[in-house]
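Hello,

Here is the structure for your files. My notes on what turned up follow below it.

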Amino acid sequence: MDNFEDFFKEYDRLRFEYRSTEEFIAFLGVEKPHTLISRINLYRRNKKMPSPSVLQLFELVMDPVLITNCMADYLNENETQNCGKFDNMAMEYINKYREQETKIVKDRRKARKEAYRNLIKERCLLLGV
């Protein structure tokens, strides 16, 4: 499957979790849900990836890797229309995702070190060292 199909499958799954599509889009913090719904439906009909400005709205509810891949696909499909605005949006999102990811990795590493230290202490106590 490609990113286009994955995105719209996830979009459909999320909007069916809410009572209506409007409620789902309003949950994302969009002031005019009908406008965004019509834009997303237009993208789907034309079999085009939504723009980074639209994709960015789904950052709290969708996998960030999927969103960054979709942004890259959009920018690759629209090379002649690439404006700095969309490039900057995509790069800001990717950088924010990377910062969050590195924080998670650091926290995991710190937890592993602490667990290893505790294991060594327990073994030392058992051996009477």
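Glu-17 and Arg-13 sit 4 residues apart in helix H1, so about one helical turn separates them. Helices here are DSSP runs (H or I, at least four residues; strands are E, at least two), numbered from the N terminus. The side chains of Glu-17 and Arg-13 form a salt bridge, at 2.4 Å from N to O. By salt bridge I mean a side-chain nitrogen of Lys or Arg within 4 Å of a carboxyl oxygen of Asp or Glu. Glu-17 is exposed at 53% relative accessibility. Arg-13 is partly exposed, at 41%. Salt bridges with shared partners also bring in Glu-10, giving one network of Glu-10, Arg-13 and Glu-17. On the terms: buried is under 20% relative accessible area, exposed is over 50%, and partly exposed is in between (1.4 Å probe, protein chains only).

Before you read on, two notes on the source. This is a predicted model: local features need pLDDT of at least 70, side-chain atom pairs count only at pLDDT 80 or more, and totals for chains, interfaces and linings use all residues. Residues are numbered from 1 along each chain as its sequence is written, and side-chain values use heavy atoms, leaving out hydrogens and water.

The whole structure has 4 salt bridges. One of them joins Asp-12 to Arg-15, with the closest N and O atoms 3.0 Å apart. These two are 3 residues apart in helix H1 (residues 3-17), which puts about one helical turn between them. Asp-12 also meets Arg-44 in a salt bridge, at 2.9 Å from N to O. Asp-12 is in helix H1 and Arg-44 in helix H3, so this pair ties together parts that are 32 residues apart in sequence. Arg-44 is partly exposed, at 27% relative accessibility.

**Aromatic rings**

There are 10 aromatic pairs in the structure. In one, the ring centres of Phe-7 and Phe-8 are 5.1 Å apart and the planes are at 80°, so the pair is edge-to-face. Rings of Phe, Tyr and Trp (its six-membered ring) pair if their centres lie within 6.5 Å; planes under 30 degrees apart are stacked, over 60 edge-to-face, and the rest tilted. Phe-7 and Phe-8 are both buried. Ring pairs also build a cluster from Phe-4, Phe-7, Phe-8, Tyr-11, Tyr-18, Phe-24, Phe-27 and Phe-58.

**A positive phi**

What is the phi of Lys-47 near? The value is near 55°, which is positive, in a residue other than glycine. Most residues other than glycine have a negative phi. Lys-47 lies in the loop between helix H3 (33-45) and helix H4 (52-55). Lys-47 is exposed, at 64% relative accessibility.

Lys-106, Arg-108, Arg-109, Lys-110, Arg-112 and Lys-113 gather on the surface as a patch of positive charge. Lys-110 lies in helix H6 (residues 84-127) and is exposed, with 61% relative accessible area. Tyr-116, also in helix H6, is exposed at 54%. Together with Leu-119 and Ile-120, Tyr-116 forms a nonpolar surface patch of about 280 Å² accessible area.

Patch residues have over 30% relative accessible area and no salt bridge; like charges are joined within 9 Å, and nonpolar side chains (Val, Leu, Ile, Met, Phe, Trp, Tyr) within 5 Å. Lys and Arg count as positive, Asp and Glu as negative; His and chain ends are not counted. Each charge is placed at NZ of Lys, CZ of Arg, CG of Asp or CD of Glu. Accessible areas come from the Shrake-Rupley method with a 1.4 Å probe; for residues, only the protein chains shown count as cover.

Best wishes
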